[in-house]
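Please open the model in your viewer and keep the selection panel at hand.

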Amino acid sequence: MGLVLPVLFALLAALSNALATVLQRRAAQSVPQSRGLRPGLILDLLRRPVWVAGMATVIVAGLCQAVALATGPISLVQPLFILELPLALMLAPVLRRRRPSGALLLKLLVVVAGLGLALLSAAPAGNRTHVAIDRWLPVLAASAGAVAVLTATGLGRPPGRFRAACLGTATAILFALTAGLMKTSVHILGDAGLTGFLTSWQTYAFGASGVCAVLLLEHALQGGPLIASQPALTLGDATMSFLLGVLVYEEHVRTGWWLLPLTLGIGLVVAGVFTLARTETAPP
């Protein structure tokens, strides 16, 4: 099957997350905004069926993501989640019984073409299953510090682009960490069974990271416009995950003259993501 299985399940996960984003954003904007980190926000959202439906979709996405990470390199799987944004923008008008515009479809094609060019140029390879804790410790420490600074900075500002961008970036780091730790946990489950899975530190680490990411995500979504939060989430997660794959899991990517089409592809993706985030069909 080669890379077919991880790509297929990564795309299914991206589609599920896109639907969850539409539902969660709609729910998050229906509750009062808060200046600080308010755990009670989740309790408010639990009373809204649309948010519960979004969380159920997140669970489906998580299962698909676990299969993708278990069968392919993280530097390939996670960048495919960039497609969450164009898919979310496609789903938003569909759920409102409207037809996506031709301009939206063109922007979507730019992102898809850029992502395809970047991944074909990099050609991520390797599927290391276990990483020693001494390789994880500096990554976890640096990530925790960055998340703390970004969260404190964002929550210290009033609702707007700066706040949404800070919280979106912090959320992206946590989502990337969750994916990185999940990759090892899934392999532990396959090798050592449920007992090994429940006694490994990676399982509880990715669980804690995932919970924190969900809490921050809701604050990022209601903290400012999509043009600020979504690019930070989308591009931040892909970038951090790619670095985890190369630096922590020692996955291989092509260099040399391949960097030229890779750079072009990344440029198309970045331009497309920012353009899509400005679209009037952004999830309400």
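Begin with His 130, which sits in the loop between helix 6 and helix 7 (133-155); note that this is a predicted model. Because its relative accessibility is 37%, His 130 counts as partly exposed. Display its surroundings next: leaving aside residues up to four places away in sequence, His 130 touches Thr 184, His 187, Ile 188 and Asp 191. The C-alpha atoms of His 130 and Tyr 249 are 7.9 Å apart, although 119 residues separate the two along the chain.

Select Ala 123, in the loop between helix 6 and helix 7. Ala 123 is not a glycine, yet its phi is positive, at about 45°. With 31% relative accessibility, Ala 123 counts as partly exposed.

Now turn to Glu 250, placed in the loop between helix 10 (226-248) and helix 11. Its phi, near 55°, is again a positive value in a residue other than glycine. Glu 250 has a relative accessible area of 40% and is therefore partly exposed.

Finally, colour helix 6 (residues 102-122) and helix 11 (residues 259-277). How do these two helices cross? Their axes come within 7 Å, at an angle of roughly 150°, which makes helix 6 roughly antiparallel to helix 11. The crossing is left-handed. Show side chains at the contact: the residues involved include Leu 104, Lys 107 and Gly 114 of helix 6, and Pro 261, Gly 265 and Thr 275 of helix 11. By class, this contact comprises 16 nonpolar, 5 polar and 1 charged residues.

Note on methods. Residues numbered from 1 in each chain as written. Predicted model: local features only at pLDDT ≥ 70, side-chain atom pairs only at ≥ 80, totals over all residues. Heavy atoms only, no water. Axes fitted to C-alpha atoms, helices over the stretch in contact; angles between N-to-C directions. Helix = DSSP H or I, 4+ residues; strand = E, 2+ residues; numbered from the N terminus. Parallel < 35°, antiparallel > 145°, perpendicular 65-115°, else oblique. Left-handed = near helix turned anticlockwise from the far one by under 90°. Contact = heavy atoms within 4.5 Å. Nonpolar A, V, L, I, M, F, W, Y, C, P; charged D, E, K, R; others polar. Buried < 20%, exposed > 50% of the residue type's maximum accessible area, 1.4 Å probe, protein only.
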